[in-house]
Amino acid sequence: MQAVVMYGGGGGGCGGVKGSINTKSLAVGFRALKSQKQHYTSSLDFSNRNSQLSSSSSSSFGLRLNSLSSSSMATELTRSSLFHSRPVLKALASDGGDVEEVRPLKSEDDVTCAVPVPQQQQGKASVLPFVGVACLGAILFGYHLGVVNGALEYLAKDLGIVENTVLQGWIVSTLLAGATVGSFTGGALADKFGRTRTFQLDAIPLTIGAVLCATAQSVQTMIIGRLLAGIGIGISSAIVPLYISEISPTEIRGALGSVNQLFICIGILLALVAGLPLAGNPIWWRTMFSISAVPAVLLALGMTFSPESPRWLFQQGKFSEVEKSIKTLYGKERVADVMTDLNVASQGSAEQEAGWFDLFSSRYWKVVSVGVALFFFQQMAGINAVVYYSTAVFRSAGIESDVAASALVGASNVFGTTIASSLMDRQGRKSLLITSFLGMAASMLLLSLSFTWKALAPYSGTLAVLGTVCYVLSFSLGAGPVPALLLPEIFASRIRAKAVALSLGMHWAANFVIGLYFLSFVNKFGISSVYLGFSGICLLGVLYIAANVVETKGRSLEEIEQALDPAI
């Protein structure tokens, strides 16, 4: 009897070939194949699995099913390559006919599956709720960065340090110092305790820091509160992009990764909005700080119900928990595919988690240096200086309201980041970075000229505002969201957490230096020369990115790791 055989393998696509096969035996064989596959995916015993693999001259291996009977079909599931090929089903007709190879087609669009898929397997679990929980850390990141801008004048009066700008500076900069410490700590905690547990631990300094700041009766208490909050946002800055990249499906990982930067911008805007009642209620600054304890508590509670990263669980050998996590994130029909990818990525190396000194080895430093350099260029390109000086720029254009100026900058940042999230998986990370730094260089040049070129004097205010808005938009299209997304993608799994932490350490260190010396450079060289210097750094960033950054769009973390790490 003639039959059309279709077998959906690999990523769930369908493949087909015609052959003379006994359909009754075929049905029995498919049931046996399904039973064996379920046993394989549920047991997750890879050591036993490896002992059953048979080698061949073409370096392929197969998992042979038990013989059904002498008159029924014998099936063999083979993999011609661990990484590049999908399963091949070989079916032997009961009448002794030729072996038929049933290969899956390249995509699900090529043919309609003849083998029906149960309705409950057609839907896929969504990762969006868990990304949303993680982004509470990003909101707190932005909120703590922005909350002191409006509150500083009022808390200085309450704490009696109106005339002491040094102590005011310590209240501002202590957050950055704490964030530098937290960014390094976050990587080690994430490796040791897992991603979700680290989020819960992170909620402790975030909550205590918020309470101390809100109830502070002395400068010392305020500084300790800001230090703890800084440690908290430093840890968040390391683990939020790490967790999102590890749980996001490849096809939307770019969009979801850029959500991190979007929520940081939203956090800054929320801090701005929270400061609106200050003019009528001078002690409102305490409420502004206390509000930040709420997302911290929600973060800890949300992570109680969020799945752990399958990649971290796999590295720890917790295979039964890996399966549970995959089912929660993607649906049970993806378990076999994701487990195969994870197993493939682990085949080339049985190494343990890397130590800090391993990051500087010849094997890893080239890719680690890319992460460090991206955050160096991001901060040294002058984003914080532009935001800091934006109020004066807008006043030169006749915009007297500080709130209006900050709102315009914040809205530009949110708008640009939203656009970037829609382009990330279409245009690619590298092209967005290059476009972003070119736009920033041009905007900085415009800002520089608007302050010095006499021919532009009648339009200097308008051009300065235009240059500032264009700079922030350009930044938010690539330089802002891409580094935090790209780093977890390009780092090998055994160094990922620590390498991200090291790169973010550069972020906070550069941020601290800019905040400390920006005004001194402006007083010595003039704002026009400083902006011109920022423009030059942006151009250097373009050259570096073009030569050293790889494109990761549409590639799984395991594919990227294999491409960048020659030891795998």
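**Salt bridges, helices and burial**

Modeller: Searching the whole structure turns up six salt bridges. This is a predicted model, where local features need pLDDT of at least 70 and side-chain atom pairs count only at pLDDT 80 or more, while totals for chains, interfaces and linings use all residues. Residues are numbered from 1 along each chain as its sequence is written, and side-chain values use heavy atoms, leaving out hydrogens and water.

Biologist: Nice! What makes Lys157 and Glu153 a salt bridge?

Modeller: The term asks for a side-chain nitrogen of Lys or Arg within 4 Å of a carboxyl oxygen of Asp or Glu. For Lys157 and Glu153 the closest N and O atoms are 4.0 Å apart, so the pair counts as a salt bridge. In general, side chains of opposite charge can pair when their charged atoms come close.

Biologist: Where do Lys157 and Glu153 lie?

Modeller: Both belong to helix α4 (residues 128-159), four residues apart, which is about one turn of the helix. Helices here are DSSP runs of H or I with at least four residues, strands are runs of E with at least two, and both are numbered from the N terminus. The protein chain has 22 helices and seven strands.

Biologist: Why is Glu153 called partly exposed?

Modeller: Buried means under 20% relative accessible area, exposed means over 50%, and partly exposed is in between (1.4 Å probe, protein chains only). Glu153 has 49%, so it is partly exposed.

Biologist: And why is Glu246 called buried?

Modeller: Its relative accessibility is 0%, under the 20% limit, so Glu246 counts as buried. Arg195 is buried as well, also with a relative accessible area of 0%. Glu246 and Arg195 form a salt bridge, with the closest N and O atoms 3.0 Å apart. This pair links distant parts of the chain: Glu246 is in helix α7 (residues 219-247) and Arg195 in helix α6 (residues 195-215), 51 residues apart.

Biologist: What makes Asp191 and Lys498 a salt bridge?

Modeller: Their closest N and O atoms are 3.0 Å apart, within the 4 Å limit, so this pair qualifies. Asp191 in helix α5 (residues 165-193) and Lys498 in helix α20 (residues 496-525) are 307 residues apart, linking distant parts of the chain. Both Asp191 and Lys498 are buried. A network of salt bridges links Asp191, Arg195, Glu246, Arg496 and Lys498.

Biologist: How do you know how α6 and α9 are oriented to each other?

Modeller: Their axes, which are lines fitted to C-alpha atoms over the stretch in contact, have angles running from 0 to 180 degrees between N-to-C directions. The axes of α6 and α9 (residues 284-291) come within 8 Å and cross at roughly 175 degrees. Angles under 35 degrees count as roughly parallel, over 145 as roughly antiparallel, 65 to 115 as roughly perpendicular and the rest as oblique. The two helices are therefore roughly antiparallel.

Biologist: Which residues of α6 and α9 meet?

Modeller: Ala210, Cys213, Ala214 and Thr215 in α6 meet Trp285, Arg286, Phe289 and Ser290 in α9, where contact means heavy atoms within 4.5 Å.
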